Structure formats: structure tokens, C-alpha cells
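Me: I would like to learn how to read the features of a model such as this one, beginning with the overall fold and moving on to single side chains. Could we go through it step by step?

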Amino acid sequence: MPGARTGLSPEWDRGFDAAFAELISRDHDVVDTEFTSITTANWPAPPASPPPASTAQHENRNDSA
């Protein structure tokens, strides 16, 4: 993942990136709330579950094994 590219030095960029990551991830409740907001906005509802297989289909599979 590319760094911040501040132009000062690669070492400073790595330090800046680490400090920024620590800052934004320090409060787990905020991170969780933001993640939930982003995913909810992009995926409003999970897909419907497939219907369960009927017993007859399951028994037929066992007979042919």
C-alpha cells in the first residue's frame, strides 16, 4: 500500500502512516459505527436465503451413492 507521499522522506512517510492509522483506529466504537454505516449504505439488505432442499431430493441423492 503506498504511503502518504509527503515528499519529506520515506521514513517520515512510514511514521506518518503509522501515526494516522493509530489515530483513526484508536476508538473501536467509532470504527465499528463507521464500518456499519458504510456497509449498510452500500449493501442495504442481505440476499435472500435459498429455499431448503426437500426431503425427497435428499433421499434420492443418498440412494444413488
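**Reading the model**

Reply: Let us begin with burial, keeping in mind that this is a predicted model: of the 65 residues of the chain, 2% count as buried.

Me: How many helices and strands are in the chain, and what pattern does the chain follow along the sequence?

Reply: The chain has three helices and zero strands, and reading along the sequence gives the pattern α-α-α.

Me: What does the accessible surface of the chain come to, and what share of it belongs to carbon and sulfur atoms?

Reply: The total is about 6,100 Å², and carbon and sulfur atoms account for 61% of that surface.

Me: Which residues form a nonpolar patch on the surface?

Reply: The patch consists of F16, F20, L23 and I24, which together have about 390 Å² of accessible area. One of these residues, L23, lies in helix α1, which covers residues 10-25.

Me: Why is L23 classed as exposed?

Reply: The class follows from a cut-off, since exposed means over 50% relative accessible area; L23 has 51%, and therefore counts as exposed.

Me: How should I read a salt bridge, and how many does the structure hold?

Reply: The general idea is that side chains of opposite charge can pair when their charged atoms come close. Here the structure holds one salt bridge, formed by R26 with E22, whose closest N and O atoms are 3.4 Å apart.

Me: Are these two partners buried or exposed?

Reply: R26 counts as exposed at 54% relative accessibility, whereas E22, at 42%, counts as partly exposed.

Notes
Residues numbered from 1 in each chain as written. Predicted model: local features only at pLDDT ≥ 70, side-chain atom pairs only at ≥ 80, totals over all residues. Heavy atoms only, no water. Patch = residues over 30% accessible without salt bridge, like charges linked within 9 Å, V, L, I, M, F, W, Y side chains within 5 Å. Areas by Shrake-Rupley, 256 points an atom, 1.4 Å probe, with all protein chains shown as cover. Salt bridge = Lys/Arg side-chain N within 4 Å of Asp/Glu carboxyl O. Helix = DSSP H or I, 4+ residues; strand = E, 2+ residues; numbered from the N terminus. Buried < 20%, exposed > 50% of the residue type's maximum accessible area, 1.4 Å probe, protein only.
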